Amino acid sequence: MVNPTAPASPGPEKAPRVPQATDPAPVVLCPGAIPVGHSPGTPPPVKVSFVIEKNAKVGEAYRSGIQASGSRVEILGVAVPDELGVAYDPVSGQLQGTPAIHGDYVLTVGYRLIEADPGRPPALEAECTLIVNPDPRKLWQENPSDRNDPDWKADVDMKYLQGADGRRLVASSKRGRSHAHVGSFRDDDFFLDTASGWNILAVADGAGSAKNSRRGSQIVTRRAGDSLKLAVGDERGRKFAEAAARWAAEPSSSPHAVHLTVYDILGAAAFDAMKAVEDEAKAKENPVKEYATTLILGVHKKLPCGHLVAAYWVGDGAIALYRRGLDIELLGVPDSGEFAGQTRFLDRAMVSSGDEIMKRLCFSVVPDFTALVLMTDGISDPKFETDRNLADLGRWDTFWGEIEPLLRDDTPGDRLLDWLDFWSQGNHDDRTIAVLW
Amino acid sequence: MSNRRLPVYILLDTSGSMRGEPIHSVNVGMQAMVNALRQDPYALESVHLSVITFDVEAKEIFPLTPLEQVRFPEITVPEAGPTFLGAALELLIRQVDRDVIRGTADQKGDWRPLLFIMTDGSPSDLQLYRTMIPEVKRRNFGNVVSCAAGPKAKQEYLKELTDTVVSLDTTDSATFSQFFKWVSASVAFGSSSAGAASPKQLPPPPPEVQVVV
């Protein structure tokens, strides 16, 4: 028993409590000693959290389990907002349904702990979040491009005409969703014409990051197209046809003489196109690379020995000579890199050396053909995906199956424009196609 | 049908100094960023996100995951930790080599990946950090953006890795919120100009996010 001692100096405000006989004996602990005789107290409440395994998407059938962590539980039910269209199925233990609206939803999960103490309330609640993604198709906006821009270009373009040799030419070009979403311009362009018994086609895809590439693609297609028209109409066209006929009569002979004539027509056209871009850049006091663009050129003439086709190709996209049931001949090699979107653009270095130009030239003589098709990567990416597929006849048969019915229509250009709206996830570039058939 | 992916890597500092309000603000900001990206159609279709944290160890919070499947977990900070940014870059390189798809004749490649790094200090493992810098550069990221968050962050180390360094005056929630909004806009911008020859452009940052020249 400890006697209270009076405080020697101003001490506690209250007198110390008087110890009683019934007090437990004071415990003196040494380091390492374990206290005995203490009640353990009640354990802290178990913290259970729930996570929904999968996210949902508007309009898509959805099914997902719910993971509980922290303790073993039995889910009694899940409260889901009525308008969502999703419910908890106790039999499968999953959320299922087709969500009607997108957003993040807080769901209340009713549950009980499996090892619940009978004395404790059986039903507990916790919240978890259900994420319903929007449908990307519905998020794409269509915003007009700036009509007052000095280099304004129409979002859509099309041309259809009767060509040489009783064949027809059509080209359709449309601004892609990614540009429409931000109200910028169509960077693709094309050229289509017939002259002196020849058919002439060109497509170009302006570089995405180049400020004036819509003007670049327009300049190169027009200038190269005009240059080709002139060339096929004068002795260069004649020399090409003669050299090709001689070679076709003896296909084992060297095609070099033919290549030289192709050079004078298509190589010269590429050169003229580059010069035209440089002139524009100088006039407007802009760097040339702001006009960066790809360029694909194609010419065709029917000769007594067969069909003569030649091409010049820089960049991605494709130009191919399609013979249904027989083969597909790519008239060049697409420029691509390790990563998506990497390609080459028409530049001065490319047209400054004969060898560099020659590398991108190609010709072919065939008894007959189904179609000569040019396209920008806005079409080759979704429809062919890889360079290997681009050379695969089966893929082309499928592709032809898609567009041939459109070409049989009275207004194939318009039908193709409609077709250019096709949906392909992740592929929203400008789309341009030109066909000779 | 396979789809062209835009891989986006985010490295977050979880060293001791981030404990409390800073990491809470990061969590809120990241959640808001993911939500904002989900409203952008291009991002929703193409972005694949991966998050790595770094303190005394570098940890992959989740590997490249399609944006629509991302559920951002609560990032926590251990009691006290250094800032092993070098280890984070090392882990990043392994991930990129494992996961980013290079284009071949047979397979279409990913868009050039984007990298965003946030730190409130300086690398504690400086030697490893410097060894990893050329490795990161060799991986051909479309853009590498480093953020020096708060007064103690050292911009000069981040400048060794990339020219694109931004700084935040504080690590409070309002500032982080603006930073992550800008990251979200940059990613969306990156996905829409992802075909570009030189995708170094980024949208203009808000006032809280200062570009370090």
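**Exercise 1.** Find which residues A:Asn55 touches, leaving out those up to four places away in sequence.

*Solution.* Contact means heavy atoms within 4.5 Å. In chain A, the residues touched by A:Asn55 are A:Tyr62, A:Ile131 and A:Asn133. In chain B they are B:Arg38, B:Glu68, B:Gln69, B:Val70 and B:Arg71.

This is a predicted model, in which local features need pLDDT of at least 70 and side-chain atom pairs pLDDT 80 or more, while totals for chains, interfaces and linings use all residues. Residues are numbered from 1 along each chain, chains are lettered from A, and side-chain values use heavy atoms, without hydrogens and water.

**Exercise 2.** Decide whether A:Asn55 is buried or exposed.

*Solution.* Buried means under 20% relative accessible area, exposed over 50%, and partly exposed in between (1.4 Å probe, protein chains only). A:Asn55 has 12% relative accessibility, so this residue counts as buried.

**Exercise 3.** Classify the ring pair of A:Trp247 and A:Phe363.

*Solution.* Rings of Phe, Tyr and Trp (its six-membered ring) pair if their centres lie within 6.5 Å; planes under 30 degrees apart count as stacked, over 60 as edge-to-face and the rest as tilted. Over all chains, the rule gives 17 aromatic pairs. For A:Trp247 and A:Phe363 the centres are 5.2 Å apart and the planes stand at 80°, so the pair is edge-to-face. Both residues, A:Trp247 and A:Phe363, are buried.

**Exercise 4.** Find which charged residues lie over the face of A:Phe422.

*Solution.* A charge sits over a ring if NZ of Lys or CZ of Arg is within 6 Å of the ring centre and within 35 degrees of the ring normal. A:Lys383 lies over the face at 4.1 Å from the ring centre, and A:Arg431 at 3.8 Å.
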